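The sequence and coordinates are shown first.

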Amino acid sequence: MLTRRHFIHGTAALFSAALPASLYPGPAAAASKWSTWDAQVTPPNYNPTTSNPWGLLPRFLPVRVEANDGLKAGDIHVDAVARYLYHIKGDGTAMRYGVAIARGNLYEAGIYTIRRKAKWPTWTPTPTMVKREPQNYLQYADGVPGGPTNPLGSRAFYLYVGNRDTYLRIHGTPSPSTVGGRASSGCVRMVMAHINGLYDQVSVGVTAHLYAPESYITAKS
């Protein structure tokens, strides 16, 4: 059943909070582990519209909704007020997912191009993060291998302006209970099982619109 919600204007940025070093997998894992990890973060008998072992509010489960007229198929829109990510389809609908955005004033706003995507990516805190919170991030400055406890989770979309990597990401999170809130150091977080389903539907080169919490427009979704 189609529902009605709203979009808004803003940007997402940097990275999620770091986890204790003892929780990280060791050396970078081979791609042969990806299917095992995918199974580990996917609930048994998974149904994206009903499975909810994370205790999310039901509105944050994936659902197909009616999109505004004129939106380009393939693009992504992130509503920072309602905490929704929309992936626009070619038939006038969109898939809607719950997300978490950055805490405090770390959320930014803008229009970006997804120029790269990755499965089980490595994570490296940005120099800004290390400078701002060295007690949390300096120990991870050389990067953290992919795996189920990695802050970027199972999948990541890399946001660029032109050829410049902004260090903004839309990614899975090992902390799914944060979805619906403001939790990260800038990135847009998704439940790993949800972004796993979205990943193959998103093409490199599409536009990601990250709307600001203080400015929104009404949409048919």
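A residue counts as buried when its relative accessible area is under 20%. In this predicted model, W37 and W120 are both buried. The two rings form an edge-to-face aromatic pair. Because W37 belongs to helix α1 (residues 34–40) and W120 to the loop between β7 and α2 (127–132), the pair ties together parts that are 83 residues apart in sequence.

Y84 and Y86 also make an edge-to-face pair, and both are buried. Together with F60, Y84 and Y86 form one aromatic cluster. Two arginines place their charged ends over tyrosine rings: R96 over Y84 and R116 over Y158. The geometry of the two aromatic pairs is as follows.

| Aromatic pair | Centre to centre | Angle between planes |
|---|---|---|
| W37 and W120 | 5.2 Å | 65° |
| Y84 and Y86 | 6.0 Å | 80° |

The chain contains an open sheet of nine strands with mixed pairing, in the order β2-β5-β4-β3-β12-β7-β8-β9-β11. Strands β2 (63–66) and β11 (188–191) are at the edges with a single partner strand each, so one side of each has no neighbour in the sheet. From one strand to the next, the twist averages 30°. Strands β3 (residues 76–79) and β4 (residues 84–88) run antiparallel and are joined by four bridges; V78 has L85 in β4 as its bridge partner. Helix α4 (residues 192–199) lies across several strands, including β4, β7 and β11, and runs at about 95° to β11.

The mean pLDDT of the chain is 81, with 78% of its residues at 70 or more. Residues 1–29 have pLDDT below 50, as do residues 216–221. Where pLDDT is low, the predicted coordinates should not be read in detail.

Conventions
Residues are numbered from 1 along each chain as its sequence is written. This is a predicted model: local features need pLDDT of at least 70, side-chain atom pairs count only at pLDDT 80 or more; totals for chains, interfaces and linings use all residues. Side-chain values use heavy atoms; hydrogens and water are left out. Two strands pair if DSSP finds at least two bridges between them. Helices (H or I, at least four residues) and strands (E, at least two) are DSSP runs, numbered from the N terminus. Axes are lines fitted to C-alpha atoms, for helices over the stretch in contact, and angles run from 0 to 180 degrees between N-to-C directions. Contact means heavy atoms within 4.5 Å. pLDDT is the predictor's confidence in each residue, from 0 to 100. Rings of Phe, Tyr and Trp (its six-membered ring) pair if their centres lie within 6.5 Å; planes under 30 degrees apart count as stacked, over 60 as edge-to-face and the rest as tilted. Buried means under 20% relative accessible area, exposed over 50%, partly exposed in between (1.4 Å probe, protein chains only). A charge sits over a ring if NZ of Lys or CZ of Arg is within 6 Å of the ring centre and within 35 degrees of the ring normal.
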